[in-house]
Amino acid sequence: MPPRNVDWLSSFIADEAREADPASAAAQHSSSVSHRARELAITYGLGARLHHGERHWDDIRDELARGWERLRGAEQVAWNQVEGDVEGAWRLVLAD
């Protein structure tokens, strides 16, 4: 069961992405990623931070991409569609 604040977290990550790169965020938002897949991606990002601790994102990105292929199950959502959600959640865990 995902944490209760997943909806809030998803909105926060989307807002941060829009501020950073409006064109990219609009393209990602218009993609057909289900709410369930987005929740799974955010939960995956949170868990990745807890598991990998202080490692750099660039060092674990490929490993997480392979893990996503196994984790996504019936969702069949490609890594490139959820990578931003996973990374945003991963970075948020240690945010001040």
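These legends accompany several close-up views of a predicted model. Local features rest on pLDDT of at least 70 and side-chain atom pairs on pLDDT 80 or more, while totals for chains, interfaces and linings use all residues. Numbering starts from 1 along each chain as its sequence is written, and side-chain values use heavy atoms, with hydrogens and water left out.

**View 1. The protein chain has five helices and zero strands.** Helices here are DSSP runs of H or I with at least four residues, strands are runs of E with at least two, and both are numbered from the N terminus. Read from that end, the elements run α-α-α-α-α. Of the 96 residues, 32% are buried (under 20% relative accessible area, with a 1.4 Å probe and protein chains only). Among contacts (heavy atoms within 4.5 Å) between residues at least 6 apart in sequence, 72% join residues at least 24 apart.

**View 2. Helix 3 (residues 35–52) crosses helix 5 (residues 79–92) at roughly 45°.** Their axes, lines fitted to C-alpha atoms over the stretch in contact, come within 7 Å. Angles run from 0 to 180 degrees between N-to-C directions. The crossing is right-handed, meaning that the near helix is turned clockwise from the far one by less than a right angle.

**View 3. Here are the residues where helix 3 meets helix 5.** Helix 3 brings Arg38, Ala41, Ile42, Tyr44, Gly45, Leu46, Ala48 and Arg49. Facing them from helix 5 are Trp79, Val82, Asp85, Val86, Ala89, Trp90 and Arg91. By class, this contact has ten nonpolar residues (from Ala, Val, Leu, Ile, Met, Phe, Trp, Tyr, Cys and Pro), four charged (from Asp, Glu, Lys and Arg) and one polar (from the others, Gly among them).

**View 4. Take a closer look along helix 3 and just past its end.** The buried residues of helix 3 include Ala37, Tyr44 and His52. Leu50 also lies in helix 3, but counts as exposed (over 50%) because its relative accessibility is 68%. Leu50 and Val93 are 43 residues apart in sequence, yet their C-alpha atoms are 8.1 Å apart in space. Just after the helix, Gly53 takes a positive phi of about 60°.

**View 5. Helix 5 has 14 residues.**

How values were computed. The expected span of a helix is 1.5 Å times one less than its number of residues.
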